Amino acid sequence: MKTSSLGREFLENHEGNPKTAYLDSGGVPTVGIGFTMRSPAVKAALARLGITKIVPGKTKLTAAQSDMIFTEVLEKEFEPIVDNGSPKNRVIKQNMFDAMISATYNLGPKFMTFRWIAPWRDSGNVGSSAAIWANNYNTVKGKKLDGLVRRRIEEANMFLKGIYAGTKGEGVLRDETSDTKPDPIVKEAQEILTKLGIPVEADGWMGPKTKKAILAYQ
């Protein structure tokens with residue numbers, strides 16, 4: 001199976017797509033759509049661009065390069081991992097495949113061996129698998145992160161219900177025109193931007209001013 005356009009959009013929304021390298025929450029040099037040198041496919045793609053090391057603040061990609069690497073990494077690394085790790089005795093819908101791609105992209109190949117998969121694999125109990133998924137795998141160095149808590153819940157909902165949160169396919173975008181509640185993750189990012197010398201109101205809405213501030217930081 002291949003990752004759908006909505007699956008790619010969901011993944012990019014969570015990973016972000018900064019064209020200048022930075023350190024992620026775990027202190028790992030990262031660029032583009034969550035690209036790190038831990039991925040063999042990323043290393044190979046970057047090597048063809050003459051990049052042998054991701055240096056925060058210095059390594060840069062164009063939008064076209066980032067999209068090319070994203071496609072290659074999905075096709076060569078993550079889609080085969082999910083295909084091979086999925087239960088052979090169960091029907092795999094597109095939304096289920098996309099959700100597993102997102103989690104594997106974020107957590108690594110071992111996600112397909114975690115205990116969440118057992119109820120679905122052993123008895124077809126998709127609800128139990130989604131519940132385990134939604135309530136675990138959300139910490140970094142022992143600390144629970146709000147962004148990962150939300151991501152696991154949204155992935156589990158995608159897997160179970162086919163809801164692609166925050167994408168055009170869901171029909172709701174997080175911005176000032178939306179009737180959803182302010183996003184605590186956006187508020188946290190706004191506060192960080194202000195501390196970095198790029199002042200923006202910490203209201204929890206991903207509006208034009210916040211997008212402009214993020215671009216200024218990038």
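Q: What separates R150 from E154 in helix α7 (residues 146-161)?
A: R150 and E154 are separated by about one helical turn, because they stand four residues apart in this helix. Helices here are DSSP runs (H or I, at least four residues), numbered from the N terminus. The structure is a predicted model, in which local features need pLDDT of at least 70, side-chain atom pairs count only at pLDDT 80 or more, and totals for chains, interfaces and linings use all residues. Residues are numbered from 1 along each chain as its sequence is written, and side-chain values use heavy atoms, with hydrogens and water left out.

Q: Why is R150 called partly exposed, and why is E154 called buried?
A: Buried means under 20% relative accessible area, exposed over 50%, and partly exposed in between, with a 1.4 Å probe and protein chains only. R150 has 24% relative accessibility and therefore counts as partly exposed, whereas E154 has 8% and therefore counts as buried.

Q: How do you know that E155 and R152 form a salt bridge, and where do they lie?
A: Their side chains meet at 2.8 Å, N to O, and both residues lie in helix α7, three residues apart, about one turn of the helix. Salt bridges that share partners join E15, R151, R152 and E155 into one network. E155 has a relative accessible area of 0%, so this residue is buried, and R152, with a value of 0%, is buried as well.

Q: Which parts of the chain does the salt bridge between E79 and K2 link?
A: The closest N and O atoms of E79 and K2 are 3.6 Å apart. This pair links distant parts of the chain, with E79 in helix α3 (residues 63-85) and K2 in the segment before α1 (5-15), 77 residues apart. E79 is buried because its relative accessible area is 4%, while K2, at 51%, counts as exposed.

Q: Why is S4 called buried?
A: S4, whose place is in the segment before α1, has 18% relative accessibility and therefore counts as buried.

Conventions: Salt bridge = Lys/Arg side-chain N within 4 Å of Asp/Glu carboxyl O. Helix = DSSP H or I, 4+ residues; strand = E, 2+ residues; numbered from the N terminus.
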